[in-house]
Amino acid sequence: MGSMGNQPGENLRINPERLWDSLMDMAKIGPGIAGGNNRQTVTDEDAEGRALFQRWCEDAGLTMGVDQMGTMFMRREGTDPDALPVYVGSHLDTQPTGGKYDGVLGVLAGLEIVRTLNDLDIKTKHPIVVTNWTNEEGTRYAPAMMASGVFAGVLDQADVYEHTDAEGKKFGDELERIGWKGEEKVGDRKMHAFFELHIEQGPILEAEGKDIGVVTHGQGLRWIECTVTGKESHTGSTPMPMRRNAGRGLAQITELVHEIAMDNAPNAVGAIGHIDVYPNSRNIIPGKVVFTVDFRSHELDRLNGMVARFEEQAPKLCEAIGVELSHEIVGQFDPPAFDEQCVGMIREAAERLGYSHKDIVSGAGHDACWINRLYPTAMVMCPCVDGLSHNEAEEITKDWARAGADVLFHAVVEKAEIVG
């Protein structure tokens with residue numbers, strides 16, 4: 001093909017049927033019970049999915065590297081041996097009741113880019129590395145985005161090796177057991193850029209009829225673990241004025257969290273997702289409730305302001321009803337702003353290809369959020385039906401997958417530079 005300047009021509013498109021077939025073939029591994037997938041990190045199913053991905057990549061001429069966190073790096077050579085690679089990918093692990101696309105689309109679209117370049121015999125100056133990050137989901141082993149977190153230096157490898165699942169099995173042991181603990185030191189790789197395609201996991205793109213979300217920011221997050229302490233007593237025989245009901249503290253704080261989030265909408269969200277009530281008996285007034293508040297915003301000042309307001313008002317609510325509140329921040333990261341040049345490449349690719357698009361903030365965390373701390377990074381999103389994700393009913397259309405992969409293709413290839 002002749003030189004096309006620095007931008008790929010609009011006739012450059014992936015093979016949507018092949019991408020879809022790959023998605024469906026991967027979905028056969030670790031099937032869920034309701035049409036989705038259960039391919040949790042470092043399980044036998046994860047190992048099987050990885051092996052299939054490896055086989056496909058090697059069939060496409062890629063060479064494999066695996067680091068000590070088990071992350072797979074599948075490399076297509078560039079014409080310049082000294083040029084830093086452009087990385088593209090996401091994750092193959094799923095929630096226990098996960099869908100067929102969350103994470104998987106971003107990995108297999110990366111593979112599809114390489115297959116299409118091979119079909120068209122196009123060479124790029126920079127190598128392209130298709131990446132499967134280990135344990136993005138963080139359900140079997142906390143925290144989420146584990147391997148990319150170690151890569152970015154925000155998590156400690158020795159520490160996460162020791163994290164246990166519900167059965168007490170250690171992450172490091174399970175990674176070794178399934179045969180995917182590599183030799184390569186984590187974080188040694190240098191990147192020219194990193195691109196990640198992901199389903200939106202929210203309802204905005206579908207509701208507005210947009211093909212593509214151009215992700216400008218990720219959301220920052222604060223998790224505040226709260227313990228409300230009252231006094232356990234009999235629900236039948238304790239007079240109302242003498243009760244110290246920790247459940248009322250939870251109820252009041254639930255409303256406060258909602259109020260704070262509503263006052264900061266649409267640029268923030270907040271809820272309480274995880275709750276443990278003690279002793280959790282029908283006829284005992286709760287003496288203790290432990291729960292986690294989840295505040296998120298892509299504006300750092302707003303996020304900090306929400307936390308400050310919570311810390312000021314929540315203890316007063318509890319005090320007023322005779323219970324005590326203690327709280328601590330147990331999870332946090334500041335909102336990432338993605339690389340403007342890479343984001344621009346995604347926006348221009350959508351325009352060039354004739355896909356409708358809008359700027360969007362990622363409501364969930366992704367591997368790209370950690371890699372963004374080190375190297376120029378950007379994300380592409382495609383719609384998903386009803387915004388549903390982390391659910392076996394998660395669904396996208398073949399056309400949405402095609403649009404997302406086409407835009408990803410153009411951004412990656414433009415950054416990797418076609419050699420005419």
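Analyst: Helices, of at least four residues, and strands, of at least two, are DSSP runs numbered from the N terminus. The model is predicted.

User: Why is T238 called buried?

Analyst: Buried means under 20% relative accessible area. T238 has 14% relative accessibility and therefore counts as buried. This residue is in the loop between β9 (233–234) and α8 (246–263). Leaving aside residues up to four places away in sequence, T238 touches S233, R243 and I285.

User: What makes the approach of the T238 side chain to H234 a polar contact?

Analyst: The cut-off for a pair of N or O atoms is 3.5 Å. The T238 side chain reaches the backbone oxygen of H234 at 2.6 Å, so the pair is within that limit.

User: Why is E417 called partly exposed?

Analyst: The term covers values between the buried limit of 20% and the exposed limit of 50%. The relative accessible area of E417 is 34%, and E417 is therefore partly exposed. E417 lies in the loop between α12 and β16 (418–419), and its phi, near 65°, is positive although the residue is not glycine.

User: How do you know that the length of α10 agrees with its number of residues?

Analyst: The expected span is 1.5 Å times one less than the number of residues. For the 14 residues of α10 (residues 340–353) this gives 20 Å, and the end C-alpha atoms are 20 Å apart, so the two agree.

User: What caps the N-terminal end of α10, and what follows the helix?

Analyst: D339 is the cap, with a side-chain oxygen 3.3 Å from the backbone nitrogen of Q341. G354, whose phi is positive and near 80°, follows α10. Buried residues of the helix, including C342, V343 and L353, belong to a set that packs against β6 (193–199), β7 (212–218), β14, β15 (377–382) and α12 (398–416).

User: How many nonpolar, polar and charged residues line the largest pocket?

Analyst: The lining has 21 nonpolar, 20 polar and nine charged residues. Its largest share, five residues, comes from β14. The space in this pocket is about 1,400 Å³.

Methods: Residues numbered from 1 in each chain as written. Predicted model: local features only at pLDDT ≥ 70, side-chain atom pairs only at ≥ 80, totals over all residues. Heavy atoms only, no water. Buried < 20%, exposed > 50% of the residue type's maximum accessible area, 1.4 Å probe, protein only. Polar contact = N/O pair within 3.5 Å; in protein donor to acceptor, adjacent residues only side chain to side chain. Contact = heavy atoms within 4.5 Å. 1 Å grid on protein atoms, 1.4 Å probe; cavity = no way out; pocket = protein on both sides within 12 Å on 5 of 7 lines; lining within 4 Å. Points joined across faces, edges and corners; volume = space filled by probe spheres on them. Nonpolar A, V, L, I, M, F, W, Y, C, P; charged D, E, K, R; others polar.
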